[in-house]
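Kindly keep the sequence and the model open while you read the numbered points.

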Amino acid sequence: MGGSLTYPYGSTSLVRGHVLAALGVLKVASADQIRRLTCPGHKDSKGVRNACLDLAKHGLTQSDGYARDGQKLWGLTTLGLTAAAETLGRPAADMGGTARGAARSGAPHAMAVNETVIALTGTQPVPTRPILRTTPTPGTLAGSGTAAASPVPAGFGSVTSWATEVVHPMPGASRTRASVRTDAVLRAAEDGLPALLVEVDRCTEADDVLAAKFARYREFFRVQVKDHSVAVSHGGQHVPLWESFYPPTGRDGYPPIAVVFDPGTRLGEQALKNRMNRVLELTRDHWSGKYERRGGYGGEEPDGYVDYKDAIPVLFTTLTRLQDSGPQAAVWWRCGHRSWETLTDALDNPRDVRAWRRRERERHKARQARQAREAREREERRPAANEGWDGPRVPEQPEPATPPCQTCGGPLGGAGH
């Protein structure tokens, strides 16, 4: 496609919008990553590269380095951040920085975060250039001029559902009480999900360093602030600070945190399992909840539930699992559960107070049925017990005659007696 004076590399406005949206979220990315996140239906990354070059001519994009696999990395300028904010429909103040200089070292962590976002989103290929052909050429979709894209496992949300390098400020943050920074946050309420906080672990730091992040998260989640929407005359009300960032999860507990392990060739399969188990044990206090005992009266078996109000749902997965099977498959291990599950099942709390209330309603119905049965049995026994009182009686016997007086022969009790 030929260019123009304004866009000499011949990019389209649609692809330029894809580039602005992707870089507004990812901050720094390769052309191939931008393509796979926003327009995987394109047969290659040439159109995305042309869009990056055209945007650079207008001072919106820049490149100052390469990834470790040799791919050129792109980012936004300050002017580009403003354009991306408009494309994403977000306030410019929420866009963060330009990540200038991050590409000079290859940005390995940023690349891992990008691959995680791409795998979790699972953008489905859409045919491009719908030019009808009578005979499809090899490697194209029938009836179009588009290259056949490899299957992409479906995911959640879209590029606009994401934010990266999200800062959760702690009141009075200082060197000893730093703000909590999250690698990526997914908001896909349309898929029935709560806000999902994502941490990408390349297995380059010690187990206890990774586990310590959850202590800072729970400290942030526990912060209470005054709700000024409540009338001052009522003294106000303290509410969790995190609810000013994210809507309620619909379950007990704080927003879930997913740890995506990406060890590359640094760890083998068994070593990765060992790391997961150690992190699981080190964070047990943060995700396990508190058991509350209930019942056990009147001969009933004791019962109870796990209170998750002060617990963080912690989920583990690997980048390889997400890329191979997709995030909608059973690729999630919820700390405290016993098997790999889908994300919906992993987020559920099968032992929480809701489950106990269901069991309690069933027990109440069983008690009512037992009491009704016992009442019927008492009614059935009552006629037999009362038969001696209401049944036929022994006939009355006549009183015996009074014998005569042996002296006078007259009746006893008469005159003179």
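1. Strand 12 (residues 314–318) is largely enclosed by the rest of the structure, because five of its five residues are buried. Buried means under 20% relative accessible area, exposed means over 50%, and partly exposed lies in between, with a 1.4 Å probe and protein chains only. Both faces of strand 12 are covered: V314, F316 and T318 are buried on one side, and L315 and T317 are buried on the other. In a regular strand the side chains alternate between the two faces of the sheet. Helices (H or I, at least four residues) and strands (E, at least two) are DSSP runs, numbered from the N terminus.

2. The model is predicted: local features need pLDDT of at least 70, side-chain atom pairs count only at pLDDT 80 or more, and totals for chains, interfaces and linings use all residues. Residues are numbered from 1 along each chain as its sequence is written, and side-chain values use heavy atoms, with hydrogens and water left out.

3. Which strands pair with strand 12? Strand 9 (residues 257–261) pairs with strand 12 in the parallel sense over five bridges, and I257 stands opposite V314. Strand 13 (residues 332–334) runs antiparallel to strand 12 and is joined to it by two bridges; here L315 stands opposite R334. Two strands are said to pair if DSSP finds at least two bridges between them. Strands of a sheet pair through backbone hydrogen bonds, either parallel or antiparallel.

4. R334 also has a side-chain partner, N349. The side chains of N349 and R334 are joined by a polar contact of 2.7 Å. A polar contact is a pair of N or O atoms within 3.5 Å; within protein, one must be able to donate a hydrogen and the other to accept it, and residues adjacent in sequence count only if both atoms are side-chain atoms. N349 is found in the loop between helix 10 (343–347) and helix 11 (353–385). Is N349 buried or exposed? Its relative accessible area is 2%, so N349 is buried. With neighbours within four places in sequence left aside, N349 is in contact (heavy atoms within 4.5 Å) with R251, D252, Y308, R334 and R354.

5. Strand 2 and strand 3 (residues 72–76) run antiparallel and are joined by four bridges; the bridge partner of G65 in strand 3 is L73.

6. Helix 5 (residues 108–121) has 14 residues, which at 1.5 Å a residue should span 20 Å; the end C-alpha atoms are 20 Å apart, so the two values agree. The expected span is 1.5 Å times one less than the number of residues. Helix 5 is mostly covered, with eleven of its 14 residues buried, among them M111, N114, E115 and I118. G122 follows helix 5 and has a positive phi, near 60°.

7. The aromatic rings deserve a final look. Rings of Phe, Tyr and Trp (its six-membered ring) pair if their centres lie within 6.5 Å; planes under 30 degrees apart count as stacked, over 60 as edge-to-face and the rest as tilted. By this rule the count comes to nine aromatic pairs. F220 and F221 form a tilted pair, 5.7 Å centre to centre with 55° between the planes. F220 and F245 form an edge-to-face pair, 5.8 Å centre to centre with 70° between the planes. This pair links distant parts of the chain, 25 residues apart: F220 is in helix 6 (residues 207–221), and F245 is in the loop between strand 8 (237–240) and strand 9. F220 counts as buried because its relative accessibility is 1%, whereas F245, at 26%, is partly exposed. One aromatic cluster is formed by F214, Y217, F220, F221, W242, F245, Y246 and Y254.
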